[in-house]
Amino acid sequence: MHVLSVSSLKGGVGKTTVTLGLASAAFARGVRTLVVDLDPQSDVSTGMDIQVAGRLNVADVLANPREKVVRQAITSSGWAKVHPGTIDVLIGSPSAINFDGPHPSVRDVWKLEEALATIEADYDLVLIDCAPSLNALTRTAWAASDRVIVVTEPGLFSVAAADRALRAIEEIRRGLSPRLQPLGVVVNRVRPQSIEHQFRIKELRDMFGPLVLNPQLPERTSLQQAQGAAKPLHVWPGDSAQELAADFDALLDRIMRTGRIPIPGDARA
């Protein structure tokens with residue numbers, strides 16, 4: 001089971017939409033996928049069309065990471081009505097903010113890792129939608145992860161936030177979790193005709209080299225539309241949606257190669 005955190009230390013760069021795009025690509029490919037909604041805003045749970053009534057959630061898991069609690073906090077996404085496949089959500093909750101203090105104990109930092117270990121046989125890929133800060137929730141996610149994708153956009157403050165995130169990943173790798181590595185930086189909401197955007201992308205490449213992942217994701221309304229309708233991008237109509245879906249397929253290929261995730265037998269069917 002490969003665990004990937006989707007992170008940003010700056011709000012508003014489309015971190016959750018990138019999580020949903022990757023989840024859609026994995027579901028279309030037939031990869032057994034769990035999305036962990038660790039952002040207290042819980043937008044990824046909404047975008048994946050889940051029923052939360054009567055279920056536990058990620059806050060319950062962080063309080064008590066036993067297998068019984070973990071399984072009661074996981075539900076199948078409504079996306080599973082679109083076509084067969086395993087696409088589940090560990091349900092988000094605003095109560096997760098109670099676990100986002102600035103100085104977590106070592107015991108608390110490993111709670112999500114402990115929880116995911118109980119269901120390791122059930123999934124090939126876990127995507128964690130992180131909180132947009134460097135407090136306890138993000139550290140908990142990174143401690144449970146093999147890789148981190150840092151989401152940014154081509155703007156001055158977002159470039160600085162990506163730099164902070166990569167430095168923080170290295171700090172966690174050295175001090176807490178030696179297996180943790182950055183997968184790279186995803187540049188989101190790119191307008192190819194914008195001179196400012198091209199300048200910032202060059203700046204990112206100069207700073208981070210091959211860690212800047214291809215393709216960059218263009219600014220499109222189709223992903224927000226699919227998200228608003230709680231549908232996977234890969235079934236959303238229109239050329240714009242399909243072009244963006246192909247970009248997420250390419251990013252998923254990189255994730256699967258890096259994580260040595262087995263390709264389902266009907267992957268290209």
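Let's start with helix H7, residues 136–143: seven of its eight residues are buried, so the helix is largely enclosed by the rest of the structure. Bear in mind that this is a predicted model. The buried residues of H7 are Ala136, Leu137, Thr138, Thr140, Ala141, Trp142 and Ala143. Buried here means under 20% relative accessible area.

Strand S1, residues 2–7, is another enclosed element. Six of its six residues are buried, so S1 too is largely enclosed by the rest of the structure. His2, Leu4 and Val6 point one way from the strand, while Val3, Ser5 and Ser7 point the other way, and all of them are buried.

Which strands does S1 pair with? S1 is joined to strand S5 and runs parallel to it, and S1 also runs parallel to strand S6, to which bridges join it. The table sets out the two pairings.

| Partner of S1 | Residues of partner | Bridges | Direction |
|---|---|---|---|
| S5 | residues 125–129 | five bridges | parallel |
| S6 | residues 147–152 | four bridges | parallel |

Now for the open space. The largest pocket holds about 200 Å³. It is lined by 15 residues, and those closest to its centre are Gly12, Lys15, Thr16, Asp39 and Gln41. Helix H1, residues 15–29, gives the largest share of this lining, with three residues. Sorted by class, the lining of the largest pocket has eight polar, five charged and two nonpolar residues.

Note on methods. Residues numbered from 1 in each chain as written. Predicted model: local features only at pLDDT ≥ 70, side-chain atom pairs only at ≥ 80, totals over all residues. Heavy atoms only, no water. 1 Å grid on protein atoms, 1.4 Å probe; cavity = no way out; pocket = protein on both sides within 12 Å on 5 of 7 lines; lining within 4 Å. Points joined across faces, edges and corners; volume = space filled by probe spheres on them. Helix = DSSP H or I, 4+ residues; strand = E, 2+ residues; numbered from the N terminus. Nonpolar A, V, L, I, M, F, W, Y, C, P; charged D, E, K, R; others polar. Buried < 20%, exposed > 50% of the residue type's maximum accessible area, 1.4 Å probe, protein only. Pairing = 2+ DSSP bridges.
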